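User: Could you take a close look at the charged side chains in this model, both where they meet a metal and where they pair with one another? I would like a connected account that keeps track of where each partner sits.

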Amino acid sequence: MRQLRLKGQAVSPGIALGQAFILEQTAAKAVRVGIADSEVDDEIRRFHAALARSREQLQALKERMNREVGGEHSWILDAQLLMLQDNLFIGQTEGRIRTEKVNVEWALQEVQEYLDGLFKNLDDAYIAERSSDIGDVVRRVHLNLGHLPIESMTEMKEHVVLVARDLTPSQAAQIDKHRILGCAIDTASRTSHAIILARSLKIPAVIGLHDFYYKVRNNDWVLVDGTEGEVVLNPPATLIKEYLKKKQKYEDYQRELVRCAQEPSITQDGVYVVMQANVELVSDIPVAVQCGAEGIGLFRTEYLILTDEKQDPDEEKQYGVYCSILRGTSPHAAVIRTADLGGDKLMPAQVREPNPILGLRAVRLSLRQKDFFKRQLRALHRAGTVGNLRILIPMISGVAEVRQVKKLVEECKQELAEAGKAFAPKVPIGIMIETPAAVTVADLLAREVDFFSIGTNDLIQHTLAVDRDNDSVSYLYEPLHPAILRSLRDCMRAAAEAGIGVSLCGEAAAEPLFALIMLGLGLREFSMNPTFIPVIKHVVRAVRADDLRDIACEALLRPTAQEVEEFVLERLVSKFPDAVMALPGGYGGE
Ligand code: PEP
Ligand code: MG
């Protein structure tokens, strides 16, 4: 039996051992077939019949999911159901059938490429990931045109490890926690549907395994270590024994974490640390609350905008959603971020940008599309009357932008007053610190705004000049790089001097070692994917802020990320062994 040990990316913690279920991937490739004028209407009817069948199947899948997994995940399929009614998608396909006189399969494939281009160009990993929805929908319609069976995971026996090249959203929607113990996926990204779901369902998962899929046979034994990011094919008995012990320890530890999730995180020397959640959907708010979140530290509004039929929800719709967020978060605060969009989804007439990450995006786009921005600002200020709202502006690179935003905010308030609509007159306005320029002028910015929220995802990318989604340079994406630590120290200093609050909402907030260094540098507010809140709360409770301050000061003198890590780890092991339990692999140590 073939044995193999592979390193990938740890994306959903825990350990699983089971027999492999290999998810076959059957790609539908279209062939171009010319049709006569007289056949066009029949071809379009064939398309609509396939759309109707696809809707029925997705609806049935959604109902099954609501029954078996819980309603909070069915949004995964909502995006696809919406797409099956989308005017752009349907109109483009019909248009190609009519003008190019081609079969529907070919037209669909062309439309998929076109839409893929639109989505992938958006500089937001989460949104870009939604392009897999398009592929999935097109594939389903395609299969329904030929009456082929839709592959499903219902054949799967219980207690398997799912091995796949990638998971489409509708496959992800079929993940059943009673059958699937772990996932080993070759491609996928941290923000894919499958991974979001695996984390919520607490299924250990490793991604980035390159060609593991081709090396496994059905029923091979696969061990998934979702904490260390390791996968072992047909592990020997000694290794299994070792891992079962590790699994037991991990599970005991998790039970303890969940038991304490609702308790506040207070260090041993009495420093209170606020833990908030990053959320994209209103339906995720109860999950965040269960995980012990004390409010929403980042609500990304891009999903709300891009799932709207016109990608431009009106003020009333936005107002309704923002009110629901605030009510769901009450009595805590909700930080709602204005649109961090870029590319051509909102601006179809705009020329595709050669470098959208540095292009007309986020606040730059909002300031260009003033009507759109003011609709969002008005809706937010109106919703501010129902709860504790804070507005966050993304991708600020200087004071001039902040002043333009504030001027528009004043205009919006004036308009609301004239229209006789109730609004909150003093909603705190904060900015994301995610460009090196914002760090450099943090002292000037701090005098203009009410709070800072540090976005390490972008800040690391821009400071280190490393594309956050590019696998080939991912080794350079280092949260502990001295340039990053110094930047964070500087902007926290600027915030403290100006007397404004500062929070950190990038993914790095959920990395225990990084979070502890931030605590040492004086950070007292974190916002992260809710799943990680219990762990970070636990880590915080195990340390003394006073000692961390000394550790962080010394860490700042270390010249490389690796040396920072080694130094901090060594200090933590000797001072706070309980905190080390939460670090990757820590719970397995003897
Ligand atoms: C960030 O950049 O750290 C951040 C939280 O924003 P986003 O991931 O949405 O770019
Ligand atoms: Mg960002």
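Analyst: What follows takes the metal site and then moves on to the salt bridges.

The model is a predicted one, and the contacts described below are computed from its atoms. The magnesium ion (ligand 2) is coordinated by an OE atom of Glu434 and an OD atom of Asp458, at 2.0 to 2.2 Å. Glu434 belongs to the loop between strand 14 (429–433) and helix 17 (436–440), whereas Asp458 is part of helix 19 (residues 456–464), so the pair ties together parts that are 24 residues apart in sequence. Glu434 and Asp458 are both buried. Because water is not among the atoms, the site may look incomplete.

Side chains of opposite charge can pair when their charged atoms come close.

One of these salt bridges joins Arg46 and Glu43, with N to O at 3.0 Å. Both residues are in helix 1 (residues 40–68), and because they are three residues apart there, about one helical turn separates them. Arg46 is partly exposed, at 30% relative accessibility, while Glu43, with a relative accessible area of 10%, is buried.

Helix 1 also supplies Lys62, whose side chain meets that of Asp78 in a salt bridge of 2.8 Å, N to O. Since Asp78 lies in helix 2 (residues 75–83) and Lys62 in helix 1, this pair ties together parts that are 16 residues apart in sequence. Asp78 counts as partly exposed at 27% relative accessibility, whereas Lys62 has a relative accessible area of 18% and is therefore buried, the cut-off for that class being under 20%.

A further salt bridge is formed by Lys246 and Asp225, whose closest N and O atoms are 3.1 Å apart. This pair links distant parts of the chain, with Lys246 in helix 10 (residues 237–260) and Asp225 in strand 7 (residues 221–225), 21 residues apart. Lys246 is buried, with a relative accessible area of 14%, and Asp225 is also buried, at 0% relative accessibility.

Note on methods: Residues numbered from 1 in each chain as written. Chains lettered and ligands numbered in written order. Predicted model: local features only at pLDDT ≥ 70, side-chain atom pairs only at ≥ 80, totals over all residues. Heavy atoms only, no water. Donors = N, O, S within 2.8 Å, 3.2 Å for Na, K, Ca; no water. Helix = DSSP H or I, 4+ residues; strand = E, 2+ residues; numbered from the N terminus. Buried < 20%, exposed > 50% of the residue type's maximum accessible area, 1.4 Å probe, protein only. Salt bridge = Lys/Arg side-chain N within 4 Å of Asp/Glu carboxyl O.
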